[in-house]
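Hello,

Please find the structure below.

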Amino acid sequence: MRLKRGNMIIYIHGFNSSGFGAKAEVIRRHYQDKILAPSLSNIPLLAIDTLEQIITYSLKYEKNITLIGSSLGGYYAIYLASKYGLKAVLINPSIYPYKTLAAYIGENQSFFDASNREWTQKHIDSLKMYEVLEIEPRNFLVLLQKGDETLDYTQAASKFSDAYLVIDEGGSHGYDDFEKKLPMIEAFESGVLSL
């Protein structure tokens, strides 16, 4: 399925993941040439800077940009969607990563190539700069699974109670059967699905 001309998807992966993760590949196959899925630095400041450069450049040529963010990528998507007035699809998003990622201070392995990455208190503290307290509900489609073993889904459900919110029984942090949500994502992106 191809997006309408002038539409674009930017996929934002989660902590220690990459632009080659499972969800990125599913989205890439579905949207083909209208998706960017960059592999981002584990340093929040650099990751946000990369995404902002992509967004500001792309807005010169694309009419509509929709962000899809998973876990920590969901947190980044909340910030970027709010700053640039974009739509965002959040998949099991991290709402308080400066709390949940504190357990990972030290060396961590990338899921992509098992390379080591250092995660520090400075990185955690920098995440607080990107917290958004007030959202525009109509700009967010939030996909949650109760079986998320990493994050408490009720935090996202509470923050996005007025957004388009889908909560599935079971599942996992990686979001089981993600490909089944692509028609809904497409409807949201195109404006067919709205509050």
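This is a predicted model: local features need pLDDT of at least 70, side-chain atom pairs count only at pLDDT 80 or more; totals for chains, interfaces and linings use all residues.

Residues are numbered from 1 along each chain as its sequence is written, and side-chain values use heavy atoms, with hydrogens and water left out.

Helix pairs

Helices (H or I, at least four residues) and strands (E, at least two) are DSSP runs, numbered from the N terminus. Two packed helices are described by the angle between their axes and the distance between the axes. Axes here are lines fitted to C-alpha atoms, for helices over the stretch in contact, and angles run from 0 to 180 degrees between N-to-C directions.

Start with helix α2 (residues 44–58) and helix α3 (residues 72–84). Their axes come within 11 Å and cross at roughly 40°. The two helices are therefore oblique to each other. (Under 35 degrees counts as roughly parallel, over 145 as roughly antiparallel, 65 to 115 as roughly perpendicular, and the rest as oblique.) The crossing of α2 and α3 is right-handed.

Which residues of α2 and α3 meet? From α2 come Pro44, Ala47, Ile48, Leu51, Glu52, Ile55 and Thr56; from α3 come Tyr76, Tyr79, Leu80, Lys83 and Tyr84. By class, they divide into 9 nonpolar, 1 polar and 2 charged. Nonpolar covers Ala, Val, Leu, Ile, Met, Phe, Trp, Tyr, Cys and Pro; charged covers Asp, Glu, Lys and Arg; the others, Gly among them, are polar. Contact means heavy atoms within 4.5 Å.

Now α1 (22–31) and helix α7 (residues 182–190). Their axes come within 12 Å and cross at roughly 65°. This crossing is right-handed. Val26, Ile27, His30 and Tyr31 in α1 meet Leu182, Ile185 and Glu186 in α7. That contact has 5 nonpolar, 1 polar and 1 charged residues.

Single residues

Is His13 buried or exposed? His13 is buried, at a relative accessible area of 5%. (Buried means under 20%, exposed over 50%, partly exposed in between, with a 1.4 Å probe and protein chains only.) His13 sits in the loop between β1 (7–12) and α1. Its side chain reaches the backbone nitrogen of Leu40 at 2.9 Å. Beyond four places in sequence, its contacts include Ser18, Pro38, Ser70 and Gly73.

Asn16 belongs to the loop between β1 and α1. Asn16 is buried at 6% relative accessibility. Its phi is positive, about 60°, although it is not a glycine.

Asn92 also has a positive phi, near 40°. Asn92 lies in the loop between β4 (87–91) and α4 (97–100). Its relative accessible area is 1%, so Asn92 is buried.

Leu143 is in strand β7 (residues 140–145). At 0% relative accessibility, Leu143 is buried. Leaving out residues up to four places away in sequence, Leu143 touches Asn92, Val166 and Ile185, among others. The C-alpha atoms of Leu143 and Val166 are 5.0 Å apart, though 23 residues separate them along the chain.

Lys63 is found in the loop between α2 and β3 (64–70). Lys63 is exposed, at 69% relative accessibility. Its C-alpha atom is 5.9 Å from that of Asn7, 56 residues away along the chain.

Best wishes

Note on methods:
A polar contact is a pair of N or O atoms within 3.5 Å; within protein, one must be able to donate a hydrogen and the other to accept it, and residues adjacent in sequence count only if both atoms are side-chain atoms. A crossing is left-handed if the near helix is turned anticlockwise from the far one by less than a right angle, and right-handed if clockwise.
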